[in-house]
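Please open the model in your viewer and keep the selection panel at hand. The tour below goes from one selection to the next and says what is to be found at each stop.

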Amino acid sequence: MAAIAAERYTGASIKRSEDPRILTGAGRYVDDIKLPGMLHAAFVRSPMAHARVLSVDVSAARALPGVTAVFTGADLEAMTVPGPDALMALMGWAGPTPEFTLLATDKVRFVGDPVAVVVAESRYLAEDGCELVEVEYDDLPPVVDAAFALDPGSPPLFANLGDNIARTHSRNEFGDVWRTFAGADRVADFHIDVHRHQNVPMEGRGCIASYDADLGVLTVYAATQSVHVSRIAIAMRLGIEAEKVRVVAGDIGGSFGLKIGASREELAVAAASRLAGRPVKWVEDRNENLTASGQAREESFDVRAAVSNDGDLLGLDVKMVVDTGAYPGMGAMVPAIMEAMLPGPYKLAALGFESTGAITNKASYVAYRGPWASETFVRERVLDLIAKDLGLDPVEIRLRNVAPRTDPPAMMVTGRPLVGVTSKESLERVAQLVDFPAFRRRQAEARAQGRYLGIGVASFIEAAPGPRSPEGPSGPMGMESMRLRLEEDGIVALFTGQMPHGQSHQTTLAQIAADEFGVPFEQVRVIVGDSAVVPFGLTGGSRSATMTGGVALHGARQLKAKVLDFAAHLMEASAQDLLITDGNIWVRGDPESALAVRDVARRAASEQFGADVDAKLEVEATFDGGEGGWSGGTHCAIVEVDVETGIVQVERYVAAEDCGALINPAVVEGQIRGGIAQGIGAVLLERSAYGDDGSFQSATFMDYLMPTACDVPRIEIEHLETVPLDADVNFRGVGEGGMIVAPPTVVNAIEDALSPFGVRIYEQHLPPARILQLIAAADSGQ
Amino acid sequence: MKLPPFEYEAPATVAEATDLLAEYLDEASVLAGGQSLIPLLALRLARPEVLIDINGVDELSGISAADGWVAIGAMTREYVAEESKTVADTVPLLAAALPLIGHEAIRSRGTIGGSLAHADPAAELPAVARALDAEFVVRGQSGTRVVPAAQWFEGYLTTSRRPDELLSEVRFPAARRGTGVSFQEVARRHGDFAMVGLAVSLVLADGVISDARLAFAGVSDVPVRAAAAEDLLAGERPSAALFDEAARRATEDLDPPADLHGSSDYRKTVAAAVVRRGLRAAADNAERQ
Amino acid sequence: MVDITLKINGATRTGSPEARKTLADFLRDDLDLTGTHVGCEHGVCGACTVIVDGRAVRSCLMLAVQAAGSEVTTIEGLAPDGGMGTLQQAMWDSHSFQCGFCTPGFVMQATAFLSDHPDADEQQVREALSGNICRCTGYQSIVDGVLLAAERNRQR
């Protein structure tokens with residue numbers, strides 16, 4: 001693989017430049033910001049799942065001392081432009097969209113739907129004011145079940161849609177579905193459910209909106225995955241020119257897909273700041289975050305699998321229903337990615353897929369780390385279920401079905417080439433790292449003593465960014481831009497639209513640029529988080545390693561060429577003879593000639609040069625992903641299930657992964673472990689729970705249970721040797737993989753533990769009570 | 001989730017506190033450790049007119065042993081009781097339960113009296129108090145009463161403390177020679193409230209069980225003594241069959257609540273398992289004394 | 001409003017918070033010590049952990065007025081002049097954190113724990129930290145940072 005210039009930093013676990021401020025309490029999160037004259041907002045929220053709003057009386061709230069203003073849905077509707085959810089617009093959604101307002105006007109559609117916003121001198125007073133707002137509701141029958149939502153008889157949540165069907169992703173077929181199923185030895189039918197759970201970043205959503213009436217400029221201090229996407233969303237909805245909106249973000253306490261664009265509440269706060277004439281801050285509390293910020297993953301699948309008696313998975317035919325909640329956004333868009341990814345790294349010959357989105361009286365379905373993850377859950381569950389029916393072991397069936405790496409590469413039946421995929425190697429590596437025969441012996445001994453251990457594996461691939469496509473990268477997930485500048489003080493500045501919220505970009509991108517340009521790590525600064533200053537970008541989709549790592553690499557190279565051309569004039573040498581190492585520019589073979597980069601920069605900024613000398617040491621670089629590539633791997637979990645209480649402990653967890661070349665191994669491993677923790681949480685602890693009446697039952701951390709240090713074991717990570725595809729950029733994304741593949745890994749292990757009871761698992765959420773139910777049901781032959 | 005407004009009083013003595021309680025009665029809440037009350041205030045589920053903060057009433061703290069009893073002042077912090085040699089030596093069941101209460105930071109502020117006055121049926125201390133027949137000393141303007149544990153817990157988050165009374169002290173009997181204890185807890189995660197918990201204490205003398213105490217957490221709106229199981233165990237020798245039967249008797253009449261974490265049937269099933277495990281552990285513990 | 005005087009990070013500070021204001025909000029709003037973070041406001045996530053009179057406490061579960069006369073240490077006060085103590089340095093070296101929001105709570109809880117349990121093993125560290133929630137890391141890097149700090153403390 002082509003070496004990067006000095007390679008001092010890339011590939012090493014360089015300590016993060018973010019950490020000194022993080023570790024000393026000097027981080028700046030939205031709620032840490034105080035502006036002169038700032039007011040605080042709190043929302044009046046619906047306690048009903050589905051109701052008409054008959055009246056909203058804010059008079060008592062307005063009269064409370066300390067309350068500055070109270071705005072209703074009607075007040076804000078008058079000053080906003082109707083439109084769809086920002087992420088839907090970004091992704092180029094063309095279908096019919098439900099029309100909805102920032103705050104509920106005529107109807108509330110889920111428990112927590114905001115109805116009015118109170119602006120006061122403090123959050124305490126704003127909440128006091130909220131209690132004084134009197135709303136008259138007329139109860140409507142709730143639509144809480146996706147199946148009921150699809151029934152044309154269910155009361156429509158949106159008058160303009162007429163029914164509760166968000167979007168039909170009409171059936172697509174790949175390969176010869178009919179023939180594959182007709183010719184298969186066996187066809188198995190499954191119904192698989194994935195439950196509703198959610199992002200839960202430790203910092204909730206929030207912003208401070210500050211409208212300067214004199215300049216007509218709205219500044220929003222935000223927590224967002226893209227300052228530009230937020231800017232555009234806010235501008236669109238508030239009817240302000242995009243150039244007159246500035247979004248600034250500092251440190252962000254996690255997001256995992258939640259904080260993209262602008263939520264209805266953030267837009268309402270922006271509108272309120274215009275009306276109030278003072279800056280307004282809103283930071284959601286945990287109650288709001290759990291109830292109203294959005295939820296994910298509630299999908300159900302009817303799956304048919306065409307199988308040979310030897311264990312070949314020949315074809316899948318999948319019908320999905322997504323519970324998109326009220327105010328649908330991302331949920332209705334997930335099907336297309338799921339469909340594309342369902343074959344995984346396997347030799348699947350045929351796929352049929354269709355999906356329907358159901359609109360229900362629940363919080364909106366939002367993007368959550370690997371939004372398409374259920375394709376891996378379904379596929380990896382099906383492989384295990386088939387293996388059990390055929391008496392095959394889980395590694396064996398996967399090795400049988402995995403597409404070997406060939407040249408030309410095998411094609412996924414959905415169209416993408418499996419170029420450079422190391423799934424087979426990852427399965428083999430896991431089998432080496434985990435001594436399966438020894439485990440089976442231990443398992444048998446334990447069973448004899450009434451203890452139930454189980455082992456599970458699952459494999460996945462992730463398009464992070466995926467192999468180069470003939471059409472090139474497209475849309476907002478496409479071309480990556482970066483401005484690189486050699487500052488007057490010698491700092492190599494990288495201006496990127498990436499918006500790190502835990503990804504450590506300020507470290508990783510600096511590592512790449514430092515190596516490529518030739519300066520010490522400390523001499524590179526990564527600038528993020530100001531829409532007035534950075535180019536367009538979005539952090540998401542596990543794209544930054546390749547796209548931004550790549551543009552940093554190529555951009556640094558381009559900047560270096562420019563700087564050397566300039567230095568050549570100063571040093572009266574040919575640019576080709578010049579090197580930059582360790583912050584100095586020198587003539588090859590003549591160390592005495594060295595000039596500090598800092599001095600060259602200073603001179604470029606302060607001296608006059610002729611028209612033939614380009615002293616503007618800045619480049620605008622773009623990168624299209626190069627050859628791209630897949631990330632992926634195989635995970636393995638060993639669990640113990642206490643069959644008297646249903647409590648599950650994950651005893652051991654091993655991940656063999658390939659995310660291309662590593663920029664910073666510690667950062668990569670942190671991302672993987674964090675995703676796995678979320679996967680363990682999803683299976684054992686986390687559920688966004690609604691009652692039959694649409695009431696929300698997991699609105700605090702007493703009921704929405706998060707995994708802790710006693711729930712997540714040490715996770716052993718093995719980095720596979722990757723297949724380099726590109727001459728320079730072989731970093732691939734790793735942010736979402738852990739969360740995609742951990743749930744099936746753990747569920748497969750639990751089913752293995754419970755196999756003496758004949759348990760088969762067709763769902764993802766397995767709290768203790770459910771484990772006992774599954775055992776009892778299997779015992780009684782259901 | 002900001003607290004609602006309230007009047008705030010910070011008495012320095014028990015007399016001042018009881019005067020305030022007599023004045024405000026049901027309109028007042030008593031603030032001890034705050035680990036249960038402050039979340040309720042933050043969620044605006046509790047709306048007292050007046051908050052009476054007794055953290056400044058120094059006479060309410062302290063642990064002393066006398067006449068076969070250990071008296072613990074209501075404001076004694078849980079961590080102090082956890083570190084107390086007196087408690088460890090003389091009330092081993094309490095010592096076993098204390099580390100299971102939440103997390104260290106909760107025990108830094110939470111108090112013995114506060115937890116018992118709050119009376120969450122899923123909490124550890126009510127089960128311990130019920131198992132050991134602890135005594136609750138309440139003081140009011142009209143004088144002092146001693147309430148036995150059997151009469152203290154009246155319902156969900158409800159005790160027999162009258163609105164004008166302050167729980168000032170809880171007394172636990174010192175364990176007899178040959179006592180073995182266990183506190184079993186089946187919780188979703190380390191430090192969580194029990195879905196089902198069990199406080200067990202028994203005495204083994206010459207291999208024969210006497211004075212068996214079993215009290216459940218999480219199976220009702222109050223801690224529940226498993227009297228039928230206790231009667232069965234008296235005079236018997238420990239055995240798996242005995243413990244199985246004790247588990248059956250302890251749970252057959254239970255009708256536990258259902259919530260997000262478990263159905264009624266689930267809790268009943270688990271209750272039987274914790275009886276078996278608790279008795280085994282307590283018997284082992286007694287044998288090692 | 002209740003007038004209070006207390007010691008914060010070694011300095012005497014005064015304030016007049018409403019009785020209902022939590023210590024967490026008092027630190028953040030009245031004293032501009034925004035290093036202590038608010039993650040749940042009902043005492044479960046631990047992000048608000050500070051040290052009061054030598055004990056780790058959840059500052060969202062204390063009223064500011066209850067801290068009158070106490071000595072409070074926040075994340076800002078662990079090391080002088082924005083420097084880093086042994087634990088913070090060990091966590092930096094161990095890549096303990098990602099988004100940083102849970103960090104002050106973990107650092108304060110671990111500080112209190114290590115001072116009482118300098119020779120804790122991994123399981124004990126995990127249990128001690130099980131009342132602090134992190135969404136980013138899966139905890140291993142945090143545990144490693146704490147164990148490394150303990151090791152370095154022993155070597156000194």
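Begin by selecting the side of chain B that touches chain A: 15 residues of chain B are in contact with 22 residues of chain A, two residues being in contact if their C-beta atoms, placed from the backbone, lie within 7 Å. Helix α12 of chain B, residues 264–287, supplies the largest share of this side, four residues; helices (H or I, at least four residues) and strands (E, at least two) are DSSP runs, numbered from the N terminus. By residue class, the side of chain B that touches chain A divides into eight nonpolar, four polar and three charged residues, where Ala, Val, Leu, Ile, Met, Phe, Trp, Tyr, Cys and Pro count as nonpolar, Asp, Glu, Lys and Arg as charged, and the others, Gly among them, as polar.

A word on the model before moving on. This is a predicted model, in which local features need pLDDT of at least 70 and side-chain atom pairs count only at pLDDT 80 or more, while totals for chains, interfaces and linings use all residues. Residues are numbered from 1 along each chain as its sequence is written, and chains are lettered from A and ligands numbered from 1 in the order in which they are written.

Stay in chain B and select its sheet, an open one of five strands in the order β4-β5-β10-β6-β7, with antiparallel pairing; two strands pair if DSSP finds at least two bridges between them. At the edges stand β4 (63–66) and β7 (143–148) of chain B, each with a single partner strand, so one side of each is left without a neighbour in the sheet. From one strand to the next the twist averages 25°, with axes being lines fitted to C-alpha atoms, for helices over the stretch in contact, and angles running from 0 to 180 degrees between N-to-C directions.

Next, select β6 (residues 135–140) of chain B, which pairs with β7(B) in the antiparallel sense over six bridges. Here Glu135(B) stands opposite Pro148(B) in β7(B).

Now select chain A, which has 21 helices and 26 strands. Its C-alpha atoms fill a box of roughly 90 × 70 × 50 Å, taken along the principal axes. Of the 782 residues in chain A, 61% are buried, that is, 20 or more other C-beta atoms lie within 10 Å of the residue's own, with C-beta atoms placed from the backbone.

From chain A, turn to where it meets chain C, a contact that takes 45 residues from chain A and 42 residues from chain C. On the side of chain A, α1 (19–23) and α19 (665–684) are the elements that give two or more residues, and the largest share, seven residues, comes from α19(A). The residues of this side of chain A divide into 21 nonpolar, 13 polar and 11 charged.

Finish in chain C, whose domain assignment gives domain 1 (4–77) and domain 2 (81–155), the bounds coming from an automatic or database domain assignment. The centres of these two domains of chain C, taken over C-alpha atoms, are separated by 21 Å, and 14 residues of domain 1 are in contact with 12 residues of domain 2.

Key
A residue is buried if 20 or more other C-beta atoms lie within 10 Å of its own, exposed if 12 or fewer, and partly exposed in between; C-beta atoms are placed from the backbone.
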